[in-house]
Structures are given as C-alpha cells and as structure tokens.
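Start with the sequence and the model.

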Amino acid sequence: MGDTVGREHGIVTRSAEYIGSFPVDDSCLDDQIQQLHTQLKSLKNCKSRRQVSLRFSVKGVKVYDEDEKTLLMAHAMCRVSLSTARPSDAQFAFVSHNPGNSDPQLYCHLFRARHARAAQFLNMLLCRCFQLYFLEKHPEEAQDECSEKKPTRTPSLLNQGFPLSVSALVSFRRAPTQGLLPGAKVFSEPSTEQVSSPEEGPTSSPTIVRKMAIRTKELRSGAYRSFTCTPLKQRHLQDKLSAPQEKDQASANACKSRAPTLAETEEALAHAVWCWAGVSSDCSSSLLADDVLGSFLLCPHPKKPNRGSLIVRFPSGLVTHSIKNSKGKFHLEKCHIDFESLAALIEHYTEFSEELECSLSCARVNHSYDWEEIVNKSSRSLQDKKGTFKNPSWV
C-alpha cells in the first residue's frame with residue numbers, strides 16, 4: 001500500500017485502510033481514551049479492510065474510495081471530538097458523532113496505515129487541523145506576530161476619499177483647523193463676526209465668497225478650489241495620506257502570509273502540533289489542562305529564556321519540565337537519559353514513563369468540538385444504543 005500525498009487549497013490527502021467503526025461510551029475523557037486503546041488493541045489483527053483515501057482540511061475529514069472520487073464518509077471538524085493513534089500497530093482513529101439525525105452516539109472510526117510513522121502522521125494531521133480550526137473560531141487567541149501598532153489619523157474629509165475642492169466647498173472657514181496631517185498646527189476657530197480684508201468683504205458665507213471669486217475672474221471653472229492648497233501641495237498631501245495606507249496593506253499582507261497552515265513536512269508538522277503553533281502561550285496552557293492525560297506542550301521556559309520546557313498534563317495537574325541542551329544532547333531536568341533530538345525525547349517518553357507520572361500521549365482533543373449539538377441530540381433521544389464492532393458496510 002503506497003501513500004499518496006496531495007495538497008490543494010489547504011487539503012492534505014493520504015491513503016490508508018479502513019478497518020471499521022464502533023460505538024464509544026459517553027464517559028469522562030480519561031476513561032474514554034482507555035476504552036479506545038483497549039478496543040484498538042483488540043482489533044489489531046482484524047482481517048476486514050478496505051483501501052481508502054483520507055482528505056484532511058480545517059473544514060473536516062472526508063473518506064473517499066481508492067479512486068478518490070466516491071465519497072464514503074464526511075465529518076465536519078465541529079463533529080470530530082478527538083484523534084488518537086497506536087503507532088506500534090500502525091493504527092489511527094478519530095471519534096465523531098453522526099450529523100443529520102437524533103442519534104447522540106459517538107463512533108470511533110479506525111484506520112490502518114502502512115507503518116508506524118504513517119499512522120503518526122495521520123494523527124498529527126488531524127491534531128493540527130484541530131488547532132487551526134480553533135484559531136479560525138477564536139482569532140483573538142492567536143499568537144500576536146504583528147504587534148506593530150497601525151498609524152491612526154483623525155477622520156476628516158481630506159482622508160475619506162473626497163477631492164480637496166469638495167472639502168473646501170463644504171466647509172470653507174473650518175479648513176485651516178481640520179489638521180490636514182497628523183502633527184499639523186491647529187488654529188482656534190475664528191468668530192462668526194470676523195471679516196477679511198475690506199476689498200473682499202465678509203467671508204462668513206461660502207456662497208458670497210464664490211460669487212466674488214467669479215466676478216473677479218479668479219475662478220474660471222465651476223469647482224471651488226481650496227485656498228489652502230495649490231496643485232503641487234494637493235499632490236503632496238495625497239501622497240502622504242496614501243503612504244500609511246499602503247504600509248498598512250503591506251503589513252496586513254505580511255501577517256496573512258504568516259498565518260498558520262498545514263505543515264509541508266512531517267518534521268514541521270510535528271513541531272507545529274507539539275508547540276501549538278499560532279496559538280498564544282497562555283491559551284495553549286489553558287487548553288492543555290482540558291486535554292487528554294499525558295498531552296503536552298513544547299514552549300520556551302517561563303523563567304529560563306535559554307531553555308525549552310515540556311508542560312505535561314498529569315493526574316496531579318500541569319507540570320513543567322525544563323529541557324536541557326548540553327553538547328547537542330537533550331534531556332529533561334532530573335532525568336538521566338540523553339537524546340539526539342527533541343523528537344527522540346518525545347518518542348521515548350511516549351512509550352515509557354520512566355521518571356514521569358505517566359507516559360506522554362499522542363491523542364488530542366478538539367477544543368472547538370460542538371458539545372451543544374450532541375447534548376441537544378441526547379435530550380431528544382433516550383435510547384441506549386450500545387452496539388458491537390461494525391465492519392465496513394459499503395460495497
């Protein structure tokens with residue numbers, strides 16, 4: 001079985017074998033994970049398999065036939081509750097509930113990859129989709145990568161897209177007091193009784209001024225030009241007003257180009273999942289407290305900037321372990337095993353707990369899972385639908 005990879009508009013496609021689906025008890029998270037892994041272990045030698053293609057995106061997971069044309073299953077991301085894997089048996093699975101009916105039952109959909117690393121990759125793909133979907137639903141929790149404050153300007157007709165001549169027509173006497181540019185000197189508003197030179201007469205009315213200008217042939221067109229701006233000054237002002245807008249657009253494009261996406265390589269994908277890339281550190285720690293037992297977060301050490309840290313959700317709560325790097329070797333503080341890389345460290349403590357309270361877990365919860373929908377379904381359906389393992393029913 002060969003893996004096929006396709007990336008189009010944020011979609012990653014991988015091939016696998018569909019084993020089947022089975023119901024999952026609506027219990028607490030830790031008990032649910034234990035039940036899942038017990039059931040997965042019992043199905044590792046299942047002979048019923050079907051070649052399929054899995055398509056991952058922030059919108060959800062779709063399962064196609066081997067030809068990648070016939071849709072077999074489609075699960076919106078809001079209906080997928082968690083993702084897990086058992087690399088030792090090359091198994092990958094996710095839990096979801098079915099849309100469009102009153103059945104509140106959760107089902108685990110089990111797949112077998114070609115090898116252990118392929119199963120890990122499928123799991124990390126879905127875990128990363130969880131994180132990106134969370135950022136899409138909660139943009140305020142995104143890591144602030146564009147912290148520069150955007151320049152602000154006092155709103156006026158001059159920077160609202162109106163020609164300067166129209167601005168002068170609308171408010172002749174207030175034009176000098178608007179502040180054409182930030183930092184411009186502001187003059188006090190002249191009194192309504194103030195008059196100009198004896199030759200011009202009173203200027204309290206723009207209509208009178210315009211008629212006087214026409215009579216003296218100073219105005220040859222129908223538009224009234226602002227007395228504050230010559231054509232050269234007008235172009236200069238327009239250039240200065242448009243420059244900050246261009247910088248704002250460039251900054252927005254730069255931020256957009258750095259928006260989190262599905263990683264291109266297995267190494268980059270693992271790093272993004274482990275570090276919760278794109279999510280603020282405070283939010284990541286808060287979400288970790290509600291994740292599965294053994295879930296973890298790689299991040300800079302809060303008190304030692306030159307070190308990294310591994311925050312793990314243990315039965316006792318969140319515990320931070322400092323990661324030391326000595327001569328290219330990585331090890332956890334108060335632990336005595338050195339590793340060539342962080343990936344090797346994570347892999348080891350996923351299999352063995354050693355000095356830790358429990359081993360690390362590759363499973364992850366979808367923190368944007370639509371619990372309200374399944375609760376509403378449960379209130380409408382009181383039937384107990386405990387079933388058995390389901391082999392693929394499609395032909």
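Does His109 count as buried or exposed, and at what relative accessibility? The model is predicted. His109 has 4% relative accessibility, so His109 counts as buried, the cut-off being under 20%. His109 lies in strand S8, residues 106-112. Its side chain makes a polar contact with the side chain of Ser96 at 3.3 Å. Beyond four places in sequence, His109 touches Gly20, Ser21, Met73, His75, Phe92, Ala93, Phe94 and Ser96.

Next, helix H8. H8 spans residues 342-351, and Leu345, Ile346, His348 and Tyr349 are buried there. These residues sit on the same side of H8, because they cover an arc of only 165° around the axis. An α-helix has 3.6 residues a turn, so residues three or four places apart point the same way.

Last, the largest pocket. Its volume is about 1,200 Å³. The lining holds 41 residues, and Pro87, Gln120, Glu347, Thr350 and Cys362 are the closest to the centre. Helix H1 (29-42), strand S6 (80-86), helix H2 (116-137), H6, S9 and H8 each give two or more residues to this lining. Which element gives the largest share of the lining? H8 does, with 7 residues. By type, the lining divides into 20 nonpolar, 13 polar and 8 charged residues.

How values were computed: Residues numbered from 1 in each chain as written. Predicted model: local features only at pLDDT ≥ 70, side-chain atom pairs only at ≥ 80, totals over all residues. Heavy atoms only, no water. Buried < 20%, exposed > 50% of the residue type's maximum accessible area, 1.4 Å probe, protein only. Helix = DSSP H or I, 4+ residues; strand = E, 2+ residues; numbered from the N terminus. Arc of directions from axis to C-beta. Polar contact = N/O pair within 3.5 Å; in protein donor to acceptor, adjacent residues only side chain to side chain. Contact = heavy atoms within 4.5 Å. 1 Å grid on protein atoms, 1.4 Å probe; cavity = no way out; pocket = protein on both sides within 12 Å on 5 of 7 lines; lining within 4 Å. Points joined across faces, edges and corners; volume = space filled by probe spheres on them. Nonpolar A, V, L, I, M, F, W, Y, C, P; charged D, E, K, R; others polar.
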